[in-house]
Amino acid sequence: METFEFFKDLAIIIIAAKTFGILAKRLKVPAVVGEIIAGLVIGPCCLRIVEQSDFLSLMAEIGVVLLMFGAGLETNLKDLLKTGPKAALIALVGVFFPLICGTLLYGCFYGFGEIGTDSFYRGIFIGTILTATSVGITVQTLKELGRLKSEIGTLIVSAAIIDDIIGIIVLTFVVGLKSPTANPTDVLVNTGLFILFSGGVGVATYYAFKYIDKRYPHQRRIPILGLALCMFMAYAAEKFFGIADITGAYVAGLILCNLRDSEYIAEKMDISSYMLFGPVFFASIGLKTKFDNFSIDILLFSVAFVLVGILAKIIACGLVAKCFKYNFKDSLKVGVGMMTRGEVALIVSQKGLAVGLLDPIYFASVILLILVSSISTPIIMKVLYRGEPLPEEKANIKPPEIETTA
């Protein structure tokens, strides 16, 4: 790829993503759906005018990091602490139920191998892929619907973040079965250390930002420093603790979410995300899609894989939410919000390819799951929220006056 070729690719992606995003909105569908479809149209599946490259992958990674930083900034910390235990249990069940379902699915198609055999490991790994949740697409959907700061929105985002951490731990355990170099204990220790690190950095950084915010209110240096914190936390999470960079970015947003100028920071971050990095991230899902060498057997397995992957998350997470006394509709929102698969599922799949736990032919099944869940989630969430007042509107609704008799 020549050094100037990426300019052409970026121009095509931006125009296609925004065009399809506008069309999606006119069809009463969230813009993110249109941006994913744009990637399909301009990518290897259809027109083949743009191909995935290392540069675009990096741009997409920045896109999801900025998206998660924005989600952290717009999080209500009181609601997060209130939903924390609920989110943890939803995430835990939302990881292990799909893990079991995916393993059983592989066994039904290709046989249940004895413990220690390649077939046994491959079955567990198929289940491991289904544990992942893509918080990026759900965050963007909730943001477009104006529900990110609601109790259900906060619960979904919190559960998805915890889901990713548990999923990474599960991945390390499964890879450890195959590779003696992987140490599952290290992952547990590193996760605990990252929590302590985030707490220490968070307290010190918050008071430093609070002082700057008080002395230089509403000035551009504040979002610039906030962006630097986001990038540092994303780097530190991956480099030093083996935690997903999006988790570090979300934590950076949480650190700053109670600042007086948190909305100002989010507004400035949203400009870069909306204009460039966001479209590249969502279009890249479509760009990665290829359906070469697809047989009838793989097609049948892929259809079953998609159905099991989607239903397992909805059932598991929705039932746990119902146990916490949420009504049926809100419980369904939680289940649907947790069913998206994206960058984490791709990372898990690529790791499986690298260590020999996943045959390349099944990568198409993963892509199909990502596409179906990524496109259907915004549509279903929009339907579930139809007719409900926004959180700020709900707060302004006055109770009817009760007439009293003298």
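A pocket here is an open set of points on a 1 Å grid over the protein atoms alone, with protein on both sides within 12 Å along at least five of seven lines. Grid points are joined across faces, edges and corners, and a volume is the space filled by probe spheres, of 1.4 Å, set on the points. The structure is a predicted model, in which local features need pLDDT of at least 70, side-chain atom pairs count only at pLDDT 80 or more, and totals for chains, interfaces and linings use all residues. Residues are numbered from 1 along each chain as its sequence is written, and side-chain values use heavy atoms, leaving out hydrogens and water.

**The largest pocket**

- The largest pocket holds about 640 Å³ of space.
- Its lining (residues with an atom within 4 Å of a point) has 22 residues, and Leu 80, Ile 195, Ser 198, Val 251 and Leu 254 are the closest to the centre.
- At least two lining residues come from each of helix 4 (77-110), helix 7 (151-178), helix 8 (184-215) and helix 10 (245-256), where helices are DSSP runs (H or I, at least four residues) numbered from the N terminus.
- Helix 8 gives the largest share, nine residues.
- By class, the lining has 15 nonpolar, seven polar and no charged residues; nonpolar means Ala, Val, Leu, Ile, Met, Phe, Trp, Tyr, Cys and Pro, charged means Asp, Glu, Lys and Arg, and the others, Gly among them, are polar.

**Helix 2 against helix 15**

- Helix 2 (residues 31-42) packs on helix 15 (residues 363-385) at about 155°, with axes 9 Å apart; axes are lines fitted to C-alpha atoms over the stretch in contact, and angles run from 0 to 180 degrees between N-to-C directions.
- The two helices are therefore roughly antiparallel (over 145 degrees).
- Val 32, Val 33, Ile 36, Ile 37 and Leu 40 of helix 2 meet Leu 371, Ser 374, Ile 375, Pro 378 and Ile 379 of helix 15, contact being heavy atoms within 4.5 Å.
- This contact of helix 2 with helix 15 has nine nonpolar, one polar and no charged residues.

Key
Angles under 35 degrees count as roughly parallel, over 145 as roughly antiparallel, 65 to 115 as roughly perpendicular and the rest as oblique.
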